[in-house]
Every structure is written in C-alpha cells, then in structure tokens.
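Some questions and answers follow on how this model is put together.

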Amino acid sequence: MEQIGYGIDIGGSGIKGARVNLETGEFADDRIRIKTPKPATPDAVAATVAEILTKAEWDGPVGIAIPSVIKGQVALTAANIDPSWIGTDVHELFGRHLDEREISVLNDADAAGLAEVAFGDPVARTGSVIFLTLGTGIGSAFITDGHLFPNTELGHMIIGRYEAEKRASSAAKDREELSFKKWGKRLSKVLAEYERLFNPTAFVVGGGISRDHAKWIDHVSVDTPVVPATLRNRAGIVGAAMAVREHLTP
Ligand code: BGC
C-alpha cells in the first residue's frame with residue numbers, strides 16, 4: 001500500500017500544502033496555495049495552515065517547513081520572516097491551531113534537502129551532502145546517508161566581507177542585475193569556502209535558479225560535484241511530509 005503523508009511549506013509570499021506519496025516523492029493530490037497573511041505573525045500563519053488542512057480534508061500527521069532555525073521545536077531566527085516568530089514554541093502554536101495530531105516543524109532548507117536526497121539526483125543519495133536552496137536567502141541542509149544535521153544556516157556565513165546570502169542568493173542576482181557569469185563566480189567563491197571547511201561528497205543546489213543551471217554551472221570551479229536539485233518547488237512540501245513520518249522534531 002502506498003504511504004501518503006501531508007506537508008506544508010511556509011514561504012514569504014505563499015503557504016502551500018499537498019498530500020505526498022512517500023514512496024515516490026510525488027504529490028498525491030493538487031497542491032493548495034494560500035497567500036501568506038500580512039503581517040505573517042505566528043497565529044495568522046498557523047490559522048492559514050489550518051485552513052489548508054480543512055480544504056484538503058486531511059486530519060492526519062502534518063510536517064511543516066518554515067524559514068527559521070527550529071531547535072527544541074522553538075523558532076530561534078527570523079531572517080526573512082516576521083520577527084515575532086523569534087522565541088515562538090511552534091509545537092504549542094500549531095498544536096493549538098491544528099487539533100490533536102502529530103506535527104513536525106523544521107527548517108525549510110532542511111526539509112527540501114531531505115526530499116532532494118531521497119528522490120533527486122542519485123549522486124546525492126549517499127555520502128555527506130550539502131544541499132543549498134538559493135532564493136531570497138540561502139538555506140542549507142547537511143545530510144549524511146539520509147540523516148539530517150539540522151539548522152546549519154550556511155547562508156549567514158561571512159565570506160570575504162559579506163554574508164553569503166547577501167551576495168550569492170538569487171535575490172542578490174536580481175537586485176544587483178548580475179549576469180549569470182558574474183553571479184556564478186560569486187557562488188563559486190561561496191562553494192569553495194564551504195568545500196574547504198566541510199568537504200562534502202556533493203553539493204545539491206535548489207531554488208528557482210537551479211532550473212537555469214546550464215547558464216551558470218561553468219562559472220563554478222570547485223572540485224566537489226555540483227548537481228542541480230530536481231524536485232523544484234515540491235521539495236519543501238515533500239521533505240516536511242517525510243519529517244513527520246520519521247518523527248523528526250528538531
Ligand atoms: C534563513 C534560513 C532559510 C533560508 C531559506 C535564510 O535566510 O536564515 O533559515 O532556510 O533563508 O529560506
């Protein structure tokens with residue numbers, strides 16, 4: 001029997017949810033998307049998550065991916081989300097809004113990384129993989145043979161004089177109107193530093209810009225294989241559903 005789970009991905013502009021076939025990593029129904037409320041306070045976001053689950057008629061376990069460090073099920077950072085998340089007990093928050101059910105809340109890049117390693121390019125299936133998602137910020141996940149070391153936050157590493165995500169996220173590329181060549185070189189500098197310190201077996205690069213990888217990959221000169229993510233915007237939802245199935249509560 002195929003195993004079905006439910007994942008939610010909380011983003012800056014939309015909150016998305018879908019049933020996930022945990023054997024294939026495919027969606028098992030149509031994704032539901034509701035605009036992120038403004039301001040995106042914890043209670044407003046949790047109410048939107050409840051709305052998605054009601055629409056989906058799903059009352060089983062749910063995994064929730066969010067762009068924050070989640071430690072002991074408490075949100076500790078808010079780099080690109082409402083500052084009121086800092087210090088929020090996310091288990092209590094979602095428990096109050098989503099009735100009695102199992103809930104796992106984890107960092108969005110950690111969720112996406114879990115999914116990519118399980119269902120993406122086979123290069124990333126074994127070994128010590130660093131998954132990166134390049135969007136508004138840079139999210140990261142360390143995964144060794146499918147096991148997650150959560151909350152790594154490599155996007156905030158200072159490389160040269162700047163925080164990595166301020167220079168090499170895809171938002172930085174858009175903001176500064178950089179060519180793929182110029183941006184690729186910046187990314188290369190960031191990856192070289194990660195390589196020097198962590199020596200992964202592969203980098204898996206996700207986020208919208210992974211679709212254009214043919215345009216920048218040649219400007220990235222590191223020894224570690226760099227493979228584009230394949231799940232695209234499905235990864236956060238799929239990884240969140242995997243996390244709750246595995247009872248992960250970072
Ligand atoms: C946040 C991370 C998040 C990443 C991608 C960063 O700014 O600090 O927690 O994973 O953006 O959304």
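Q: Into which domains is the protein chain divided?
A: This is a predicted model, in which local features need pLDDT of at least 70, side-chain atom pairs count only at pLDDT 80 or more, and totals for chains, interfaces and linings use all residues. Residues are numbered from 1 along each chain as its sequence is written, and side-chain values use heavy atoms, with hydrogens and water left out. Domain bounds come from an automatic or database domain assignment. The chain is divided into domain 1 (4-107) and domain 2 (121-230).

Q: Which residues of domain 1 lose the most area to domain 2?
A: Buried area is the accessible area (1.4 Å probe) that two parts lose on being put together, summed over both. Between domain 1 and domain 2 about 480 Å² is buried, and carbon and sulfur atoms give 45% of this. On the side of domain 1, 67% of what is buried comes from Val69, Asn80 and Asn107 together.

Q: How many salt bridges are counted between domain 1 and domain 2?
A: A salt bridge needs a side-chain nitrogen of Lys or Arg within 4 Å of a carboxyl oxygen of Asp or Glu. Between domain 1 and domain 2 the count is zero.
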